[in-house]
Amino acid sequence: MTSTVTRLVMDTLPQTPGQALAAPAAGILVALLVIVLIARLLLGVADVPRSRAAVRTLDVVAAPLFIALAFILSTRVLEILPLG
Amino acid sequence: MPPITTPAMAIVSTGARPYPLFRRARRRPLGQVDPSSVSLVAGIGACLVAAEVVTLAGGTAPGVLAHATVLLALVAVSLRQPAGPAQQLTLTMALVPLIRMLSLTLPAAIVPIVYWYLEIGLAAFEGIFLTMRRLDLTPRDVGLRSAPIREVVAVGLAGAVLGIPAYLIVGPVDLGQGGGFLGLAVASAVVIVFVGFLEELLFRGLIQTAGTKLFSRGGVIVSVGATVLMYSASLNPRYVIFVALVATFFGLVARRSGSIAAPVAGHAALAWMQLVVLPIILS
């Protein structure tokens, strides 16, 4: 795989998973996931009516974003590892 | 003077097929449409179109931000709505910007396209199942029920034939599944499950069902609109028109039978022919 990665591509690739997550598109996804998880935690302990329904609604967003985060991280690691 | 029209009962009694108008009259009437429902769907559609325009004009990052904003807005609106068809439609339509976000953020540079479909599909399936759990929908509620086998086979064959114009419009797509029987099997399974079944479950199973509860026959229009919106990123007008026509066909089939079995067969056959079979045969 290393031989197929040109110098230009290597320069634009993130060097660490943290840099990858700071990239604009993935960064927005991670920020949204953090916001949703915080809101979910707050709703879980809040003494408000329909909080259980609200938590279930937020799960609709949180779970797919969490799966996407796992795929983003794994793919970024696959990108970084061959570069040494 | 003899009557101009023949009584429908007389036709039925002679063993002929029921008069078409007679069958149409037994369907559910259009009924009264709540103006607030029209405003809701128009607002959701406008937001999704705006997010798509931002994506096409501004690029990936602004597009993800726009779709994230729409997603949060739809979730917030659904939280404020009472349980009912409007909430069901709002939450199911929230899956559209969610899936667009996934398609924009999940990296596809070093992953074969077939596994990219798998990544998006797994996350989308999770969202669909959690939406069904939130709305207390059973599999039967979203059209996962048996259908006449003749209808399933007929729509499946029609889908396979429609795969030819789809291939001619879009051109060959390299899924990168590798050669051999294993690559063919993996690509076939991914395309059938994560393109055919997933999209029909979302568009015809969830969105059209919610739209039908709000607008009766207008539910087909809602599902076709959502399908066209998702495919508009192809920037190919001929393909978007083709998708609109095929989505209308699948929507009418699903509404007629109350099951998504036939549309799933048709969509899976179409995608399989377009993405797996024809590239092998013609390249």
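From the N terminus on, chain B reads α-α-α-α-α-α-α-α-α-α-α-α, with 12 helices and 0 strands to its name. Helices here are DSSP runs of H or I with at least four residues, strands are runs of E with at least two, and both are numbered from the N terminus. The model is a predicted one, where local features need pLDDT of at least 70 and side-chain atom pairs count only at pLDDT 80 or more, while totals for chains, interfaces and linings use all residues. Residues are numbered from 1 along each chain as its sequence is written, and chains are lettered from A and ligands numbered from 1 in the order in which they are written.

Of the 283 residues in chain B, 45% are buried; a residue counts as buried if 20 or more other C-beta atoms lie within 10 Å of its own, as exposed if 12 or fewer do, and as partly exposed in between, with C-beta atoms placed from the backbone. Among the contacts in chain B with a separation of 6 or more, 72% join residues 24 or more positions apart, a contact being two residues whose C-beta atoms, placed from the backbone, lie within 7 Å. Chain A follows the pattern α-α-α-α, that is, 4 helices and 0 strands. Buried residues come to 27% of the 84 residues in chain A, and residues 24 or more positions apart supply 63% of its contacts with a separation of 6 or more.

Where the chains touch, 29 residues come from chain B and 21 residues from chain A. On the chain B side, the elements giving two or more residues are H4 (60-80), H6 and H7 (113-134), and H7(B) gives the most, with 10 residues. Sorted by class, this side has 20 nonpolar, 5 polar and 4 charged residues. Ala, Val, Leu, Ile, Met, Phe, Trp, Tyr, Cys and Pro count as nonpolar, Asp, Glu, Lys and Arg as charged, and the others, Gly among them, as polar.

Two packed helices are described by the angle between their axes and the distance between the axes. Axes are lines fitted to C-alpha atoms, for helices over the stretch in contact, and angles run from 0 to 180 degrees between N-to-C directions. The crossing of the pair is left-handed, a term for a near helix turned anticlockwise from the far one by less than a right angle, with right-handed for clockwise. A:Ala25, A:Ala26 and A:Leu29 of H3(A) meet B:Met101, B:Leu104 and B:Thr105 of H6(B). These residues divide into 5 nonpolar, 1 polar and no charged.

Within chain B, H4(B) and H6(B) pack at about 155 degrees with their axes 9 Å apart, and are therefore roughly antiparallel to each other. Their crossing is left-handed. Residues of H4(B) in this contact include B:His67 and B:Leu71, and those of H6(B) include B:Arg100 and B:Met101. By class, the contact has 8 nonpolar, 4 polar and 1 charged residues.

H6(B) and H7(B) pack at about 160 degrees with their axes 10 Å apart, so this pair is roughly antiparallel too, and its crossing is right-handed. B:Leu95, B:Leu98, B:Ile99, B:Leu102 and B:Ser103 of H6(B) meet residues of H7(B) including B:Ile120, B:Ala123 and B:Ala124.

B:Leu102 touches A:Pro64, A:Ala68, B:Ile120, B:Ala123 and B:Ala124, leaving aside residues up to four places away in sequence. In the largest nonpolar core, with 98 residues, A:Leu29, A:Val61, A:Ala68, B:Leu71, B:Met93 and B:Leu102 touch the most other members. Such a core is a set of buried Ala, Val, Leu, Ile, Met, Phe, Trp, Tyr and Cys residues joined through C-beta atoms within 7 Å. H9(B) (residues 180-215) supplies its largest share, 15 residues.

B:Asp136 sits in the loop between H7 and H8 (149-170) of chain B, and counts as exposed because it has 10 C-beta neighbours inside 10 Å.

Conventions:
Angles under 35 degrees count as roughly parallel, over 145 as roughly antiparallel, 65 to 115 as roughly perpendicular and the rest as oblique.
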